[in-house]
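Let's walk through a protein model together, from its overall build down to single side chains. Please keep the viewer open as you read.

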Amino acid sequence: MAYYMALPDFVERKGSLYLRSDHMGYGRATLNSNWHQAREAEPKDYDINAEPPKRNLHRATYDRIGDATDGSYPKTSYQDQTEQIYLKDDFEEKEARKPMVNLETVGHADIDRDTGLPTSGYSAVLPRHYPEHDKRHLETTNRVDYKPPYPYTPAEEKPADFPDNSNAYKKCHSQFTDTADYRRYGRNTWQDETGIYANSRVKHELFPPTTTLPMQLE
């Protein structure tokens, strides 16, 4: 014999024995299936179902707004924003304390006098910067993390034995045959037909112009 455990079925359906009504208002002594829902709205200042023949539709259920039970009304959005002008004094710059030494009296103050206390650090009279306060750390992360494993002397940088004229052999973007390309250079990128390129000067220096006509023989 098998035993099955199931949760009790409390679903309200037609034909059940639950006392239910969606349009009838029962008295407080009659507890229908949703009697607790009506209790959640209490206490009411005016119950329209208490006196059905004398219902006053000009009255509201509650004489308060929100949780204000003292009869006052909350501020409107306009009142709350306009009252922010009274908070102006709270945001003004205030002098928390007046220094004993300022720009006018620093010339008469003997700051380096012997007070019997350390000049800096713990229990010092005046705060001072530590000695490496203005130190500049110019090393890079790559130089610090990737140091050479063995000490060595780097070779001196010498200029090249011959000039680098590799730019003269590079083909620049043509201003006439590559007009449909998206790469356009110059001041006027749509009408640049001067024929002057970035390596034009280097080409003239490396390849001087020559005459193609034969020389006259004397």
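Predicted model: local features only at pLDDT ≥ 70, side-chain atom pairs only at ≥ 80, totals over all residues.

Residues are numbered from 1 along each chain as its sequence is written, and side-chain values use heavy atoms, with hydrogens and water left out.

How confident is the predictor? On the scale of pLDDT, the predictor's confidence in each residue from 0 to 100, the protein chain has a mean of 80, and 82% of its residues reach 70 or more.

Now to the fold. The protein chain has four helices and zero strands, which gives the order α-α-α-α from the N terminus on. Here helices (H or I, at least four residues) and strands (E, at least two) are DSSP runs, numbered from the N terminus.

How much of the chain is buried? Of the 218 residues, 6% count as buried, where buried means under 20% relative accessible area, exposed means over 50%, and partly exposed lies in between (1.4 Å probe, protein chains only). The chain exposes about 22,800 Å², and carbon and sulfur atoms supply 54% of that area. Accessible areas come from the Shrake-Rupley method with a 1.4 Å probe; for residues, only the protein chains shown count as cover. Turning to contacts (heavy atoms within 4.5 Å), consider those in the chain with a separation of 6 or more: residues 24 or more positions apart account for 18% of them.

On the surface you can find a nonpolar patch formed by Met100, Val101, Val106, Ile111, Leu117, Val125 and Leu126, with about 650 Å² of accessible area together. Patches are made of residues with over 30% relative accessible area and no salt bridge, with like charges joined within 9 Å and nonpolar side chains (Val, Leu, Ile, Met, Phe, Trp, Tyr) within 5 Å. One member, Val125, sits in the loop between helix H2 (77-82) and helix H3 (141-145).

Next come the charged pairs. Side chains of opposite charge can pair when their charged atoms come close. With a salt bridge defined as a side-chain nitrogen of Lys or Arg within 4 Å of a carboxyl oxygen of Asp or Glu, the count comes to six. One of them joins Asp47 and Lys44, at 4.0 Å from N to O. Asp47 is partly exposed at 34% relative accessibility, and Lys44 is partly exposed at 35%.

Asp45 forms a salt bridge with Arg64, with 3.7 Å between the closest N and O atoms. Both Asp45 and Arg64 lie in the loop between helix H1 (35-39) and H2, so the pair ties together parts that are 19 residues apart in sequence. Asp45 is partly exposed, with a relative accessible area of 35%, and Arg64 is partly exposed as well, at 31%. Another salt bridge links Asp63 to Arg59, the closest N and O atoms being 3.8 Å apart; Asp63 is partly exposed at 48% and Arg59 is partly exposed at 40%.

What about the rings? The structure holds one aromatic pair. Tyr169 and Phe207 form this pair, which is edge-to-face, at 5.7 Å centre to centre and 90 degrees between the planes. Tyr169 lies in the loop between H3 and helix H4 (200-206) and Phe207 in the segment after H4, so the pair links distant parts of the chain, 38 residues apart. Rings of Phe, Tyr and Trp (its six-membered ring) pair if their centres lie within 6.5 Å, and planes under 30 degrees apart count as stacked, over 60 as edge-to-face and the rest as tilted. Tyr169 is exposed, at 61% relative accessible area, whereas Phe207 is partly exposed, at 43%.

Finally, look at the backbone. Most residues other than glycine have a negative phi, and most peptide bonds are trans. A cis peptide bond joins Glu42 and Pro43, with omega about 0 degrees. Pro43 lies in the loop between H1 and H2. Glu42 is 20 residues from Tyr62 in sequence and 9.7 Å from Tyr62 in space, C-alpha to C-alpha. Ser123, in the loop between H2 and H3, has a positive phi near 65 degrees.
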